[in-house]
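Have a look at the picture first, then read on.

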Amino acid sequence: MSTEARKAPAPASKRKEPGQPSSNGADAPSASDLAATTPEIRRDLLHSMMLQRRFEERCAEAYALGKIGGFCHLYIGQEAISAGVMSMIRPDDYVITAYRDHGQALARGVSPRAVMAELFGRDTGCSGGKGGSMHIFDAKTNFLGGHGIVGGHVPIAAGVGFAIKYRRGNQVCVCFFGEAAVNIGAFHEALNIASLWDLPVIFIIENNRYGMGTAISRSTANEDVLVRAKAYRMEGESVDGQDVFAVRECMARATERARKEKRPTLIEMRTYRFMGHSMSDAVSGTYRTKDELEENMKRDPILVLHNKIYESGELTEGEMHKIDDEAKAIAQDAWDFADSSPEPPLEKLYTDVYADTTS
Amino acid sequence: MAVLTYRDALTQALREELQRDDRVFLMGEEVAQYNGAYKVSKGLLDEFGPMRIVDTPITELGFAGVGVGAAMVGLRPIVEFMTWNFALLALDEVVNAAAKMLYMSGGQFKMPMVFRGPNGAALQLSAQHSQAWESWLAHIPGLKVCTPGTPADAKGLLKSAIRDDNPVVFLEGEMLYNTKGEVPEGEHIVPLGVAELKRTGDHCSVITHGKMALVAMRVADDLAKEGINIDVVDLRTVRPIDVEAISRSVQKTNRAVVLEEGWEICGMGSQVVDFIQRECFDDLDAPVLRVHQEDVPMPYAKNLERAAKPDAGKTIAAIKKVMYLD
């Protein structure tokens with residue numbers, strides 16, 4: 001079964017678009033205007049996705065060598081979502097996510113060196129080696145983690161939205177989680193609050209169809225996860241998460257809704273993970289077949305974008321190889337930096353337990 | 001000095017801190033229009049408006065998480081739980097998020113917030129509504145835990161808790177809200193982690209916190225009539241815990257009873273006894289005894305409930321035992 005063949009809600013273009021005939025006046029730009037790309041943007045998107053891919057391929061290698069320990073959840077196959085989403089938000093917006101967080105951090109602009117050093121457990125890591133793979137935090141880019149309890153960070157996103165409203169700001173908070181999180185109480189409590197209080201939060205379900213090894217059909221009574229938006233009087237959209245342009249259009253509508261109407265959105269981004277749930281589990285063979293995996297890999301998001309750019313003729317094959325080479329070089333540089341960085345000094349075991357400040 | 005109830009002392013602290021810092025807001029069930037389930041937030045909605053005094057749905061996990069998110073980006077939330085019994089539903093946000101955010105982010109994200117509400121047993125509320133949670137919460141590095149027993153401490157500790165840049169668990173006593181005491185006006189601050197000697201005597205130390213501090217003071221007054229004089233060490237905060245104050249007292253009296261509202265196994269008293277055996281081993285003239293709730297869920301029937309709770313009689317018996325008087 002391919003991603004497209006899956007029973008899914010009508011594509012975004014055929015659904016009622018509450019954001020479009022909006023109250024913002026006839027001259028408000030449409031979502032496709034806002035999401036329109038230039039050759040430069042398309043190149044940046046490809047670069048972001050290639051960097052995530054090449055970086056995480058090195059993560060898998062480092063894990064096999066024992067340089068990365070613990071749990072390590074790779075994002076490979078889902079990169080169009082992070083690249084597309086981050087390309088549509090501002091530096092002063094906020095991002096919060098679950099434990100499959102490396103790709104999103106890179107797409108947000110967190111230093112690849114700092115992310116790799118964190119994975120290697122080094123002093124130079126973005127959390128000083130105290131967080132690891134599941135807890136990438138970066139205050140400079142408003143990247144609020146990296147959270148390891150399924151659904152636990154979804155109410156936190158609502159809290160960030162509350163703070164934006166409290167300060168009368170017009171930022172948004174983007175919150176990523178997997179489709180398995182939609183059955184947990186924290187998700188429902190957060191959606192209710194965000195809608196009840198008109199909070200500018202964009203909740204993104206990355207539906208890769210498996211919560212660890214459990215298919216959505218085995219976990220979720222109604223696979224149309226957008227009914228959960230309706231349940232909380234919230235706008236919802238389902239989008240092909242392998243198509244970075246579709247992701248951008250959908251985000252254009254959601255960010256407009258958050259900034260102008262101060263309303264939250266629930267987005268299902270349909271995707272597929274090409275690796276196991278974490279580095280410690282098989283890519284296929286137990287809960288999904290090799291055939292299914294191979295079928296889905298035909299819609300590799302990088303390939304989808306690559307083909308569009310190539311067909312348009314705006315980048316030659318050679319230029320695209322150059323983007324790939326750059327991505328590989330950045331990943332290698334991150335590896336070298338991490339590998340040569342010192343471990344955290346032992347006295348740091350006891351720092352950051354408490355802040356020693358008061359207001 | 002004004003005599004206030006514990007409730008009014010808390011309200012005064014909230015009002016003063018809301019006035020002092022506009023990043024501070026109060027959120028919880030029935031805190032605004034209803035004026036608070038226990039009236040601690042009475043009048044605050046009128047004074048500060050609905051953006052700062054925020055009624056929530058019954059959604060403990062949800063609004064605790066909202067507090068965490070707001071604190072992460074620089075606000076200073078006070079999250080009220082109608083009781084700590086309901087806060088169990090929110091513990092993921094308290095323990096896994098608030099307590100660890102600073103550490104797992106390598107010092108990048110502070111959590112300047114307070115989780116507060118009544119803790120411990122009231123009267124005949126039975127098993128699910130009559131529990132003292134401090135030993136659970138004090139177990140967690142990253143949290144601070146306050147247990148004020150008097151109106152003055154309630155005010156002074158709450159002001160410190162709100163100004164602290166760490167997540168502070170603030171355990172009030174349902175049975176304490178109507179108790180009265182002298183409370184200094186205005187800027188009255190009680191630092192976190194400093195115990196207070198509430199009675200002094202040479203014969204035995206009673207180390208306690210929260211509501212049980214009142215029981216211990218009553219016991220001290222009663223025993224004084226028999227010529228027995230005890231130290232009452234009110235810890236006031238159980239994390240950080242004032243080990244020095246405990247040692248100082250036990251090294252003077254050479255005997256100790258640890259009194260708490262919660263259960264025996266892994267209770268706060270277990271920890272205090274551990275500190276005493278390490279710091280005061282050579283000073284002890286008798287084994288340290290503990291007084292605590294019986295090891296049963298709280299029953300409803302009046303007589304059974306009375307039998308389950310720690311009280312003055314059980315405390316006096318323990319003191320006499322460590323003094324070899326019984």
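In chain A, six strands make an open sheet in the order β2-β1-β3-β4-β8-β7, with parallel pairing. Here a strand is a DSSP run of E with at least two residues, a helix is a run of H or I with at least four, and both are numbered from the N terminus. Two strands count as paired if DSSP finds at least two bridges between them. The edges belong to β2 and β7 (235–240) of chain A, and each has a single partner strand, so one side of each is left without a neighbour in the sheet. From one strand to the next, the twist averages 15°; such angles run from 0 to 180 degrees between N-to-C directions, with axes being lines fitted to C-alpha atoms (for helices, over the stretch in contact).

A word on the ground rules: this is a predicted model, where local features need pLDDT of at least 70, side-chain atom pairs count only at pLDDT 80 or more, and totals for chains, interfaces and linings use all residues. Residues are numbered from 1 along each chain as its sequence is written, while chains are lettered from A and ligands numbered from 1 in the order in which they are written.

Now zoom in on β1 (residues 94–97) of chain A. A:Y94 and A:I96 point one way, A:V95 and A:T97 point the other way, and all are buried. "Buried" means that 20 or more other C-beta atoms lie within 10 Å of the residue's own; "exposed" means 12 or fewer, "partly exposed" is in between, and C-beta atoms are placed from the backbone.

| Strands | Bridges | A facing pair |
|---|---|---|
| β1(A) and β3(A) (173–178) | three | A:I96 and A:C175 |
| β1(A) and β2(A) (143–146) | two | A:V95 and A:F143 |
| β4(A) (201–207) and β8(A) (265–270) | six | A:I204 and A:I267 |
| β5(B) (113–119) and β7(B) (167–173) | seven | B:G117 and B:L171 |

Over in chain B, seven strands form an open sheet in the order β3-β2-β4-β5-β7-β6-β12, and the pairing is mixed. Its edge strands are β3 (53–55) and β12 (237–239) of chain B, each pairing on one side only. The twist averages 20° from one strand to the next. Helix α8 (residues 151–163) of chain B packs on this sheet, and its direction makes about 160° with that of β7(B).

Which residues of α11(B) are buried? They are B:M268, B:G269, B:V272 and B:I276. These cover an arc of only 90° around the axis, which puts them on the same side of α11(B); the arc is that of the directions from the helix axis to the C-beta atoms. The face turned away from the buried side of α11(B) carries the exposed residues B:D274, B:Q277 and B:R278.

Finally, chain B is divided into domain 1 (2–183) and domain 2 (196–322), with bounds from an automatic or database domain assignment. Their C-alpha centres lie 26 Å apart. The contact takes 25 residues from domain 1 of chain B and 23 residues from domain 2 of chain B, where contact means C-beta atoms, placed from the backbone, within 7 Å.

Technical notes. Contact = placed C-beta atoms within 7 Å.
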